Amino acid sequence: MLTLFDDVFSPYARKVRIALYEKDVPFERVRALHGDCNRTDFLDVNPRAEVPALVEGDFSLYDSTVICEWLEDRYPEPPLLPRDPELRAKCRLVEDLADTQLDAAAYAVTVVEFGRGESHPAMHEAAKRDLERLYGELETLLGRSDYFCGEYSIADIAVAPHLIAASFLGFPLDPVRHAGLAAWLGRLGARPAIVKDNEDVIETLGRLQSENRPAFDPYRVQWRGDRLEWVMKNGFADWFAEEMRAGRAFFPLPIDSARRP
Ligand SMILES: N[C@@H](CCC(=O)N[C@@H](CS)C(=O)NCC(=O)O)C(=O)O
(Lines give C-alpha, C1' and ligand atoms only; values in the text may rest on other atoms or scores of the structure.)
Protein backbone atom coordinates (compact mmCIF):
# COMPACT_ATOMS: atom_id res chain seq x y z
CA MET A 1 0.00 0.00 0.00
CA LEU A 2 1.27 3.48 -0.86
CA THR A 3 1.41 6.12 1.87
CA LEU A 4 1.03 9.75 0.80
CA PHE A 5 2.42 12.43 3.10
CA ASP A 6 -0.17 14.98 2.46
CA ASP A 7 -1.92 18.24 3.12
CA VAL A 8 -5.45 18.59 1.87
CA PHE A 9 -4.94 22.16 0.58
CA SER A 10 -1.52 21.85 -1.09
CA PRO A 11 -1.89 22.15 -4.87
CA TYR A 12 1.07 19.77 -5.25
CA ALA A 13 -0.52 17.17 -3.01
CA ARG A 14 -3.77 17.71 -4.91
CA LYS A 15 -1.96 17.00 -8.20
CA VAL A 16 -0.69 13.67 -6.86
CA ARG A 17 -4.02 12.69 -5.25
CA ILE A 18 -5.96 13.41 -8.44
CA ALA A 19 -3.45 11.34 -10.48
CA LEU A 20 -3.84 8.48 -7.97
CA TYR A 21 -7.64 8.69 -8.17
CA GLU A 22 -7.52 8.76 -11.98
CA LYS A 23 -5.33 5.65 -12.00
CA ASP A 24 -7.46 4.03 -9.29
CA VAL A 25 -4.42 3.30 -7.13
CA PRO A 26 -5.28 2.80 -3.44
CA PHE A 27 -3.27 4.82 -0.93
CA GLU A 28 -3.38 5.90 2.68
CA ARG A 29 -2.79 9.45 3.78
CA VAL A 30 -0.72 10.98 6.54
CA ARG A 31 -1.53 14.62 7.09
CA ALA A 32 2.01 15.92 7.35
CA LEU A 33 1.88 19.69 7.80
CA HIS A 34 -0.60 20.64 10.54
CA GLY A 35 0.52 24.22 9.88
CA ASP A 36 3.96 23.32 11.20
CA CYS A 37 6.79 23.68 8.70
CA ASN A 38 10.19 21.98 9.05
CA ARG A 39 8.68 19.08 11.00
CA THR A 40 11.30 16.78 12.46
CA ASP A 41 9.13 13.66 12.18
CA PHE A 42 8.79 14.20 8.43
CA LEU A 43 12.39 14.95 7.44
CA ASP A 44 13.32 11.28 7.03
CA VAL A 45 10.76 11.06 4.20
CA ASN A 46 11.48 14.45 2.62
CA PRO A 47 14.48 16.43 3.90
CA ARG A 48 12.77 19.58 2.53
CA ALA A 49 9.76 18.94 4.82
CA GLU A 50 7.39 19.59 1.92
CA VAL A 51 4.31 17.68 0.87
CA PRO A 52 3.63 15.62 -1.12
CA ALA A 53 5.93 12.69 -0.43
CA LEU A 54 5.16 9.08 -1.23
CA VAL A 55 6.33 5.93 0.51
CA GLU A 56 6.05 2.31 -0.54
CA GLY A 57 7.82 -0.08 1.83
CA ASP A 58 11.40 1.15 2.06
CA PHE A 59 11.12 3.22 -1.15
CA SER A 60 10.24 6.87 -0.78
CA LEU A 61 10.19 9.86 -3.07
CA TYR A 62 9.04 13.45 -3.07
CA ASP A 63 8.29 16.38 -5.37
CA SER A 64 4.92 16.19 -7.12
CA THR A 65 6.45 16.11 -10.62
CA VAL A 66 8.85 13.28 -9.74
CA ILE A 67 6.04 11.41 -7.99
CA CYS A 68 3.66 11.77 -10.96
CA GLU A 69 6.36 10.54 -13.38
CA TRP A 70 6.99 7.53 -11.14
CA LEU A 71 3.25 6.85 -10.95
CA GLU A 72 3.12 6.94 -14.74
CA ASP A 73 5.92 4.36 -14.97
CA ARG A 74 4.51 2.17 -12.21
CA TYR A 75 0.80 2.43 -13.13
CA PRO A 76 0.72 3.30 -16.84
CA GLU A 77 -3.08 3.01 -17.21
CA PRO A 78 -4.84 5.25 -17.93
CA PRO A 79 -1.93 7.29 -19.31
CA LEU A 80 -1.57 10.83 -18.00
CA LEU A 81 1.44 11.76 -20.15
CA PRO A 82 1.05 11.96 -23.94
CA ARG A 83 3.05 9.49 -26.07
CA ASP A 84 3.97 12.02 -28.76
CA PRO A 85 7.34 13.66 -27.88
CA GLU A 86 6.21 17.23 -28.66
CA LEU A 87 2.96 16.88 -26.70
CA ARG A 88 4.87 15.22 -23.87
CA ALA A 89 7.22 18.21 -23.72
CA LYS A 90 4.26 20.61 -23.86
CA CYS A 91 2.64 18.69 -21.01
CA ARG A 92 5.75 19.14 -18.86
CA LEU A 93 5.95 22.85 -19.72
CA VAL A 94 2.31 23.48 -18.74
CA GLU A 95 2.86 21.51 -15.53
CA ASP A 96 5.95 23.60 -14.83
CA LEU A 97 4.05 26.85 -15.47
CA ALA A 98 1.46 25.76 -12.91
CA ASP A 99 4.02 24.60 -10.34
CA THR A 100 6.29 27.62 -10.58
CA GLN A 101 4.37 30.67 -11.87
CA LEU A 102 0.69 30.13 -10.98
CA ASP A 103 1.62 28.96 -7.51
CA ALA A 104 4.06 31.82 -6.86
CA ALA A 105 1.66 34.53 -8.06
CA ALA A 106 -0.92 33.57 -5.43
CA TYR A 107 1.27 32.42 -2.52
CA ALA A 108 2.12 35.66 -0.67
CA VAL A 109 -1.40 37.00 -1.06
CA THR A 110 -2.78 33.72 0.30
CA VAL A 111 -0.64 34.07 3.41
CA VAL A 112 -1.49 37.74 3.99
CA GLU A 113 -5.14 38.05 2.91
CA PHE A 114 -6.57 34.57 3.45
CA GLY A 115 -4.25 33.42 6.27
CA ARG A 116 -3.93 36.61 8.32
CA GLY A 117 -7.05 38.44 7.18
CA GLU A 118 -4.92 41.53 6.44
CA SER A 119 -5.19 43.78 3.43
CA HIS A 120 -2.17 44.51 1.22
CA PRO A 121 -3.44 46.40 -1.84
CA ALA A 122 -0.06 46.51 -3.67
CA MET A 123 0.44 42.77 -3.24
CA HIS A 124 -3.14 42.09 -4.27
CA GLU A 125 -2.69 44.19 -7.45
CA ALA A 126 0.59 42.45 -8.33
CA ALA A 127 -1.01 39.02 -7.89
CA LYS A 128 -4.03 40.05 -9.97
CA ARG A 129 -1.86 41.40 -12.79
CA ASP A 130 0.32 38.27 -12.85
CA LEU A 131 -2.60 35.85 -12.67
CA GLU A 132 -4.39 37.64 -15.50
CA ARG A 133 -1.26 37.41 -17.65
CA LEU A 134 -1.01 33.69 -16.85
CA TYR A 135 -4.71 33.10 -17.59
CA GLY A 136 -4.06 34.70 -21.01
CA GLU A 137 -1.07 32.40 -21.62
CA LEU A 138 -3.10 29.35 -20.60
CA GLU A 139 -5.95 30.41 -22.88
CA THR A 140 -3.46 30.47 -25.77
CA LEU A 141 -1.87 27.16 -24.77
CA LEU A 142 -5.32 25.54 -24.67
CA GLY A 143 -6.33 26.91 -28.07
CA ARG A 144 -9.43 25.16 -29.37
CA SER A 145 -8.68 21.83 -27.65
CA ASP A 146 -10.65 20.29 -24.82
CA TYR A 147 -7.42 19.69 -22.89
CA PHE A 148 -3.94 21.28 -22.98
CA CYS A 149 -2.30 18.37 -24.79
CA GLY A 150 -5.23 16.99 -26.82
CA GLU A 151 -6.04 14.21 -24.37
CA TYR A 152 -6.55 14.80 -20.64
CA SER A 153 -3.13 14.75 -18.98
CA ILE A 154 -1.06 15.75 -15.97
CA ALA A 155 -0.91 19.26 -17.47
CA ASP A 156 -4.66 19.67 -16.81
CA ILE A 157 -4.34 18.08 -13.38
CA ALA A 158 -1.49 20.44 -12.41
CA VAL A 159 -3.31 23.63 -13.48
CA ALA A 160 -6.78 22.90 -12.06
CA PRO A 161 -6.05 23.17 -8.29
CA HIS A 162 -4.40 26.57 -8.80
CA LEU A 163 -7.31 27.98 -10.80
CA ILE A 164 -9.85 26.67 -8.30
CA ALA A 165 -7.87 28.22 -5.42
CA ALA A 166 -7.32 31.52 -7.26
CA SER A 167 -11.07 31.85 -7.86
CA PHE A 168 -11.70 31.20 -4.18
CA LEU A 169 -9.15 33.90 -3.29
CA GLY A 170 -10.91 36.48 -5.46
CA PHE A 171 -9.05 36.14 -8.78
CA PRO A 172 -11.69 34.46 -10.99
CA LEU A 173 -11.45 33.83 -14.72
CA ASP A 174 -13.12 36.41 -16.93
CA PRO A 175 -15.85 34.49 -18.80
CA VAL A 176 -15.29 36.64 -21.92
CA ARG A 177 -11.51 37.02 -22.07
CA HIS A 178 -10.88 33.49 -20.77
CA ALA A 179 -13.89 31.75 -22.28
CA GLY A 180 -11.93 28.66 -23.39
CA LEU A 181 -10.25 28.29 -20.02
CA ALA A 182 -13.56 28.76 -18.17
CA ALA A 183 -15.15 25.98 -20.27
CA TRP A 184 -12.07 23.82 -19.65
CA LEU A 185 -12.41 24.38 -15.87
CA GLY A 186 -16.06 23.32 -16.09
CA ARG A 187 -14.99 20.10 -17.88
CA LEU A 188 -12.28 19.42 -15.32
CA GLY A 189 -14.63 20.11 -12.42
CA ALA A 190 -16.96 17.37 -13.66
CA ARG A 191 -14.34 14.61 -13.58
CA PRO A 192 -15.00 12.20 -10.70
CA ALA A 193 -11.36 12.35 -9.50
CA ILE A 194 -11.52 16.13 -9.24
CA VAL A 195 -15.05 16.14 -7.75
CA LYS A 196 -13.77 13.77 -5.05
CA ASP A 197 -10.75 15.90 -4.24
CA ASN A 198 -12.77 19.15 -4.27
CA GLU A 199 -15.25 17.64 -1.82
CA ASP A 200 -12.38 16.76 0.47
CA VAL A 201 -10.98 20.31 0.32
CA ILE A 202 -14.38 21.96 0.90
CA GLU A 203 -15.36 19.57 3.70
CA THR A 204 -12.00 20.09 5.47
CA LEU A 205 -12.18 23.88 5.11
CA GLY A 206 -15.74 23.91 6.50
CA ARG A 207 -14.77 21.68 9.41
CA LEU A 208 -11.71 23.76 10.31
CA GLN A 209 -13.76 26.96 10.13
CA SER A 210 -16.49 25.53 12.35
CA GLU A 211 -13.80 24.51 14.87
CA ASN A 212 -12.28 27.99 14.58
CA ARG A 213 -8.98 26.50 13.39
CA PRO A 214 -6.87 27.92 10.54
CA ALA A 215 -6.18 26.00 7.32
CA PHE A 216 -2.46 26.65 7.91
CA ASP A 217 -0.33 28.69 10.29
CA PRO A 218 0.12 32.05 8.51
CA TYR A 219 2.72 33.17 11.05
CA ARG A 220 5.05 30.23 10.39
CA VAL A 221 5.54 30.21 6.66
CA GLN A 222 7.92 28.03 4.66
CA TRP A 223 9.31 29.88 1.63
CA ARG A 224 11.34 28.65 -1.34
CA GLY A 225 12.67 29.61 -4.78
CA ASP A 226 9.77 30.63 -7.02
CA ARG A 227 7.61 32.00 -4.21
CA LEU A 228 10.47 34.13 -2.92
CA GLU A 229 11.43 35.24 -6.44
CA TRP A 230 7.87 36.55 -6.90
CA VAL A 231 8.05 38.55 -3.66
CA MET A 232 11.43 40.07 -4.59
CA LYS A 233 10.78 40.93 -8.21
CA ASN A 234 7.45 42.56 -7.33
CA GLY A 235 9.16 44.95 -4.91
CA PHE A 236 8.19 43.40 -1.58
CA ALA A 237 11.75 42.83 -0.31
CA ASP A 238 11.19 45.15 2.69
CA TRP A 239 8.02 43.30 3.58
CA PHE A 240 9.92 40.03 3.44
CA ALA A 241 12.81 41.40 5.54
CA GLU A 242 10.25 42.25 8.24
CA GLU A 243 8.83 38.70 7.99
CA MET A 244 12.33 37.36 8.65
CA ARG A 245 13.05 39.77 11.50
CA ALA A 246 9.74 38.80 13.12
CA GLY A 247 10.61 35.09 12.86
CA ARG A 248 7.69 34.30 10.57
CA ALA A 249 9.75 33.03 7.60
CA PHE A 250 11.33 29.60 7.32
CA PHE A 251 13.15 27.74 4.54
CA PRO A 252 13.53 24.10 3.51
CA LEU A 253 16.71 22.33 4.62
CA PRO A 254 17.25 24.46 7.72
CA ILE A 255 20.88 25.21 8.59
CA ASP A 256 20.22 24.08 12.15
CA SER A 257 21.15 20.41 11.69
CA ALA A 258 20.03 19.66 15.26
CA ARG A 259 16.52 19.58 13.86
CA ARG A 260 17.39 16.55 11.74
CA PRO A 261 16.31 13.14 13.08
N1 LIG B 1 8.29 21.24 -5.74
C2 LIG B 1 7.48 20.68 -4.70
C3 LIG B 1 6.81 21.80 -3.92
C4 LIG B 1 6.01 21.28 -2.73
C5 LIG B 1 5.61 22.40 -1.76
O6 LIG B 1 6.00 23.55 -1.91
N7 LIG B 1 4.80 22.03 -0.77
C8 LIG B 1 4.41 22.97 0.26
C9 LIG B 1 2.89 22.99 0.41
S10 LIG B 1 2.09 23.66 -1.01
C11 LIG B 1 4.96 22.53 1.59
O12 LIG B 1 4.95 21.36 1.90
N13 LIG B 1 5.43 23.48 2.42
C14 LIG B 1 5.91 23.19 3.73
C15 LIG B 1 5.20 23.98 4.79
O16 LIG B 1 4.36 24.82 4.45
O17 LIG B 1 5.47 23.71 5.97
C18 LIG B 1 6.46 19.71 -5.30
O19 LIG B 1 6.17 19.82 -6.50
O20 LIG B 1 6.02 18.78 -4.61
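Q: In the predicted model, in which sense do strand β3 and strand β4 pair?
A: Strand β3 covers residues 53-56 and strand β4 covers residues 59-62. Four bridges connect these two strands. The sense of the pairing is antiparallel.

Q: Which residue in the hairpin of β3 and β4 takes a positive phi?
A: The hairpin has two residues between its strands. A positive phi near 60° occurs in this hairpin, and the residue that takes it is Gly-57.

Q: What is the handedness of the β-α-β crossover from β1 to β2?
A: Strand β1 (residues 2-6) and strand β2 (residues 27-31) pair in the parallel sense, over five bridges. One of the bridge pairs joins Leu-2 to Phe-27 in β2. Between the two strands the chain passes through α1, and the crossover is right-handed.

Q: How far apart do the C-alpha centres of domain 1 and domain 2 lie?
A: The protein chain is divided into domain 1, residues 2-74, and domain 2, residues 85-210. The separation of the C-alpha centres of these domains is 20 Å.

Q: Which element gives the most residues to the side of domain 1 that touches domain 2?
A: Contacts between the domains involve twelve residues of domain 1 and 16 residues of domain 2. On the domain 1 side, the elements giving two or more residues are α1 (11-22) and α2 (64-74). The greatest contribution is eight residues, and it comes from α1.

Q: How many residues on the side of domain 1 that touches domain 2 are nonpolar?
A: This side of domain 1 includes four charged residues and one polar residue. The nonpolar residues of this side number seven.

Q: Which residues are in contact with Ala-19, leaving aside its neighbours within four places in sequence?
A: With neighbours within four places in sequence left aside, the residues in contact with Ala-19 are Cys-68, Leu-71, Leu-80, Ile-154 and Ile-157.

Key:
Residues are numbered from 1 along each chain as its sequence is written. This is a predicted model: local features need pLDDT of at least 70, side-chain atom pairs count only at pLDDT 80 or more; totals for chains, interfaces and linings use all residues. Two residues are in contact if their C-beta atoms, placed from the backbone, lie within 7 Å. Domain bounds come from an automatic or database domain assignment. Ala, Val, Leu, Ile, Met, Phe, Trp, Tyr, Cys and Pro count as nonpolar, Asp, Glu, Lys and Arg as charged, and the others, Gly among them, as polar. Two strands pair if DSSP finds at least two bridges between them. A crossover is right-handed if, with the strands pointing away from the viewer, the path from the first strand over the helix to the second runs clockwise.
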